[in-house]
Amino acid sequence: MIITFSLMIPAFSCKGQTQEHVHYLTTADFLEKVHDYKKNPDTWEYKGKLPCLIDFYADWCRPCKMLSPVIEELAARYQGKVIFYKVNVDKEKELSAAFGIQSIPSLLFVPMQGQPAMNAGVLPKETLEAYIKSFILGIKE
């Protein structure tokens with residue numbers, strides 16, 4: 001089930017890494033590409049040029065490791081339509097707390113317009129793809 005996200009985002013930082021199609025967020029990247037919570041602490045204002053999906057994960061988490069190749073596959077499939085990001089909860093504790101991350105993996109779905117939504121736990125690839133199509137891209141099937 002997707003739950004609506006309420007905005008309370010503190011500063012965070014991480015190294016700017018990337019897989020082939022998935023990008024790791026830094027503070028500067030988040031402020032520039034996702035949301036400038038310093039200027040708009042009470043209002044969600046997505047700054048991206050494409051909608052995005054943010055995967056909150058940890059390196060030691062088995063479900064996260066199971067989900068990672070699915071995220072990479074979907075990132076390749078939706079390249080040019082959706083941006084896929086990762087946030088390591090062990091390195092980004094303040095950000096994880098602001099999003100209320102209590103279980104991982106947790107996925108933040110960010111459409112171009114409107115509020116983002118959060119889902120905790122591993123989703124089957126078909127369900128995840130359906131959320132991407134319907135919620136992020138607004139495709140009605």
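**A first walk through the chain**

Mentor: Let us begin with Glu-129, which at 14% relative accessibility counts as buried; buried means under 20% relative accessible area, exposed means over 50%, and partly exposed is what lies in between, with a 1.4 Å probe and protein chains only. Please keep in mind that this is a predicted model, in which local features need pLDDT of at least 70 and side-chain atom pairs count only at pLDDT 80 or more, while totals for chains, interfaces and linings use all residues. Residues are numbered from 1 along each chain as its sequence is written, and side-chain values use heavy atoms, with hydrogens and water left out.

Trainee: OK, and where is Glu-129 found?

Mentor: Glu-129 is in helix 4, where helices (H or I, at least four residues) and strands (E, at least two) are DSSP runs numbered from the N terminus. If we set aside its neighbours within four places in sequence, Glu-129 is in contact (heavy atoms within 4.5 Å) with Leu-74, Arg-77 and Tyr-78.

Trainee: Which side chain does Glu-129 meet in a salt bridge?

Mentor: That is Arg-77, at 2.9 Å from N to O, a salt bridge being a side-chain nitrogen of Lys or Arg within 4 Å of a carboxyl oxygen of Asp or Glu. This pair links distant parts of the chain, since Arg-77 is in helix 2 and Glu-129 is in helix 4, 52 residues apart. Salt bridges with shared partners also join Glu-73, Arg-77, Lys-125 and Glu-129 into one network.

Trainee: How do Glu-73 and Arg-77 meet?

Mentor: Their side chains form a salt bridge of 2.9 Å, N to O, and because Glu-73 and Arg-77 are 4 residues apart in helix 2, about one helical turn separates them. Glu-73 counts as partly exposed at 32% relative accessibility, and Arg-77 is partly exposed too, with a relative accessible area of 40%.

Trainee: And what about Lys-125, which residue does it form a salt bridge with?

Mentor: Lys-125 is paired with Glu-73, the closest N and O atoms being 2.9 Å apart. Because Lys-125 lies in helix 4 and Glu-73 in helix 2, the pair ties together parts that are 52 residues apart in sequence. Lys-125 counts as partly exposed, at 28% relative accessibility.

Trainee: Why can side chains like these pair at all?

Mentor: Side chains of opposite charge can pair when their charged atoms come close.

Trainee: How many salt bridges does the structure hold?

Mentor: The structure holds 4 salt bridges.

Trainee: Back to helix 2, which residues are buried there?

Mentor: The buried ones are Cys-64, Leu-67, Ser-68, Val-70, Ile-71, Glu-72, Leu-74 and Ala-75. What covers them includes strand 2 (22-24), strand 3 (52-57), strand 4 (83-88), strand 5 (106-110) and helix 4 (125-136).

Trainee: Changing topic, how many aromatic pairs are there?

Mentor: The count comes to 2, where rings of Phe, Tyr and Trp (its six-membered ring) pair if their centres lie within 6.5 Å, and planes under 30 degrees apart count as stacked, over 60 as edge-to-face and the rest as tilted. Tyr-24 and Tyr-57 form an edge-to-face pair, 6.0 Å centre to centre with 70° between the planes. That pair links distant parts of the chain, with Tyr-24 in strand 2 and Tyr-57 in strand 3, 33 residues apart.

Trainee: Are those two buried or exposed?

Mentor: Tyr-24 counts as buried at 12% relative accessibility, and Tyr-57 is buried with a relative accessible area of 8%. As for Phe-109 and Tyr-131, their ring centres are 5.7 Å apart and their planes are at 85°, so this pair is edge-to-face. Because Phe-109 lies in strand 5 and Tyr-131 in helix 4, the pair ties together parts that are 22 residues apart in sequence, and both Phe-109 and Tyr-131 are buried.

Trainee: What sits over the ring of Tyr-57?

Mentor: The charged end of Lys-86 does, 4.5 Å from the ring centre; the rule asks for NZ of Lys or CZ of Arg within 6 Å of the ring centre and within 35 degrees of the ring normal.

Trainee: Last one, what pattern does the whole chain follow?

Mentor: Read along the sequence, the pattern is β-β-α-β-α-β-α-β-β-α, with 4 helices and 6 strands. Of the 141 residues of the chain, 49% count as buried, and among contacts with a separation of 6 or more, 67% are accounted for by residues 24 or more positions apart.
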